[in-house]
Amino acid sequence: MASDRWSSGLGFLLASVGAAVGLGNIWRFSAVLGANGGGAYLVPYLLAAFALAVPMLVLELAVGRTLRSDVVSAFRSVDADYTALGWLVVGGVLLILSYYLVLTGWVFGFLLSWLGGSRTTFTTFTERWLPVGYFVVVTVLTGAIVARGVRSGIERLSTVVMPTVFALLVALAVYAVTLSGWDRAVGFLFTPDFAVLTDPGLWSAAFGQVFFSLSVGQGIMLTYGSYTDADADLFRSSLLITVSDIAAALLAGLVIFPIVFTFGLQPTLGTELAFTTLPAAFASMGVGHVVAVAFFGLLFFAALSSSVALLEVGVAAATNTTRLDRTRATLLLTGGVFLVGVPSALSYSPLDLAVAGTPVLDLVDESVGTYALPVSAVLIAVVFVWVADLDPVRAELGRLYPLVRYVIPPVLVVVTGAKAVGVARPVWRLLLDGTRDESLALVVTVVALAALGAVGWVLRSRLPYPRRRRRRG
């Protein structure tokens with residue numbers, strides 16, 4: 001049972017928004033939108049956000065508050081054999097965190113570089129060992145914040161970071177209005193070409209981005225929901241989280257696309273845009289130094305809050321299912337995540353660590369980073385709606401219940417299948433030459449999920465056998 005609580009409803013909302021608003025909102029949203037025709041992409045994106053993501057947010061928050069437990073214990077409470085599924089979800093989250101911290105370290109490095117006036121480029125940045133050092137720093141920082149607990153660590157960080165992120169986004173958007181590419185950017189962002197809505201790749205990309213961006217299906221909201229007061233309106237909270245997430249993504253677009261069109265850049269780039277082409281544009285601006293510091297500052301704060309949320313999923317599970325206290329659990333998991341993330345960190349370093357020609361970081365992103373989230377979301381929806389008998393959760397969902405029961409699982413399966421067969425255009429590109437080996441990524445995904453499931457099956461006996469809940473017929 002979770003004993004931690006948020007100090008206030010505002011603290012809960014800021015922490016939840018902090019978990020949702022991350023790198024996916026800043027450069028991934030712009031990359032996906034750029035690769036899918038601009039304004040037309042917003043149609044399926046907004047539809048998916050309110051029709052699919054909001055119900056899933058309510059589901060996770062309701063399960064967490066009802067059971068007052070972590071992800072593993074929540075699955076265990078339904079049936080002891082489902083404990084393995086809980087560990088699979090947690091393991092997938094920690095694997096994602098292992099390379100997300102590498103990206104966070106890159107952002108931190110670029111922030112310090114522009115603060116110091118050196119204006120580094122991605123090529124020179126990865127020619128040295130500094131990226132590995134920054135990975136160490138942000139990993140330690142993330143662990144230190146989580147170790148301080150829900151109120152003193154996570155909530156306190158969110159109350160400072162999230163207002164700062166939105167303030168920087170607004171300030172940069174105001175500056176973007178003065179650029180010559182502003183009108184073209186607004187037209188690109190908000191003028192849809194409805195003819196492209198028949199493209200299944202557009203819908204797959206939009207649906208996948210919504211679940212990725214809102215941290216749905218990762219167990220984060222389930223964990224955060226367990227710290228929520230009984231009188232919190234979960235539907236209203238889910239709407240506010242979704243609106244805030246969308247607002248951050250649109251503001252990021254209003255910042256990035258005016259720069260893109262002013263300086264003749266490509267709007268379809270992902271990581272290259274953030275670390276290669278935008279810095280070149282910053283160097284050409286009269287106030288580029290200030291803009292760059294603000295841009296990489298908001299990226300870093302957004303990435304840090306998301307990293308903290310990912311680590312908290314594992315720490316909550318460890319403290320509730322073992323005899324470890326929060327400090328020792330955080331130390332153990334932070335160390336484990338660091339060790340798993342080292343190969344990703346070394347893949348963009350003088351060592352150029354790769355597997356079959358693909359940098360390890362890209363391989364982890366294209367495999368676990370792409371497929372673990374929808375798999376976890378399907379598991380959460382099926383187990384806690386189809387299998388478990390949780391009347392408070394059904395009541396909290398209300399009219400959203402049929403969507404979670406009958407619509408979301410098959411949609412997630414279709415989106416995941418589209419990615420596997422190549423219908424969805426890959427845009428979360430980390431590999432700078434743009435090449436990808438989908439077959440290798442699928443093999444790694446199957447092996448990783450199978451390994452996590454096997455470990456979870458072994459660990460299922462670590463908890464006493466729970467009282468079995470009734471199943472619906």
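Reader: At what angle do helix α4 and helix α14 pack, and how far apart are their axes?

Author: Helix α4 (residues 71-78) and helix α14 (residues 288-321) pack at about 55°, and their axes are 7 Å apart. This is a predicted model: local features need pLDDT of at least 70, side-chain atom pairs count only at pLDDT 80 or more, and totals for chains, interfaces and linings use all residues. Residues are numbered from 1 along each chain as its sequence is written, and side-chain values use heavy atoms, with hydrogens and water left out.

Reader: What counts as a helix, and what is an axis?

Author: Helices are DSSP runs of H or I with at least four residues, numbered from the N terminus. An axis is a line fitted to C-alpha atoms, for helices over the stretch in contact, and angles run from 0 to 180 degrees between N-to-C directions.

Reader: Why are α4 and α14 called oblique?

Author: Their angle is about 55°, so α4 and α14 are oblique to each other. Angles under 35 degrees count as roughly parallel, over 145 as roughly antiparallel, 65 to 115 as roughly perpendicular and the rest as oblique.

Reader: Which residues meet there?

Author: Val71, Val72 and Ser73 of α4 meet Val313, Ala317, Asn320 and Thr321 of α14; contact means heavy atoms within 4.5 Å. By class, that contact has 4 nonpolar, 3 polar and no charged residues. Ala, Val, Leu, Ile, Met, Phe, Trp, Tyr, Cys and Pro count as nonpolar, Asp, Glu, Lys and Arg as charged, and the others, Gly among them, as polar.

Reader: New topic. Is Arg326 buried or exposed?

Author: Arg326 counts as buried because its relative accessibility is 16%. Buried means under 20% relative accessible area, exposed over 50%, partly exposed in between (1.4 Å probe, protein chains only). Arg326 is in helix α15 (residues 326-347). Beyond its neighbours within four places in sequence, Arg326 has contacts including Asp4, Tyr227 and Glu312.

Reader: And the largest pocket, what lines it?

Author: The lining has 20 residues, with Trp87, Val90, Gly91, Leu94 and Leu333 nearest the centre. On a 1 Å grid over the protein atoms alone, a pocket is an open set of points with protein on both sides within 12 Å along at least five of seven lines; a cavity is a set where a 1.4 Å probe fits but cannot get out, and lining residues have an atom within 4 Å of a point.

Reader: Which helix gives the largest share of that lining?

Author: α5, with 6 residues. By class, the lining of the largest pocket has 13 nonpolar, 6 polar and 1 charged residues.

Note on methods:
Helices (H or I, at least four residues) and strands (E, at least two) are DSSP runs, numbered from the N terminus.
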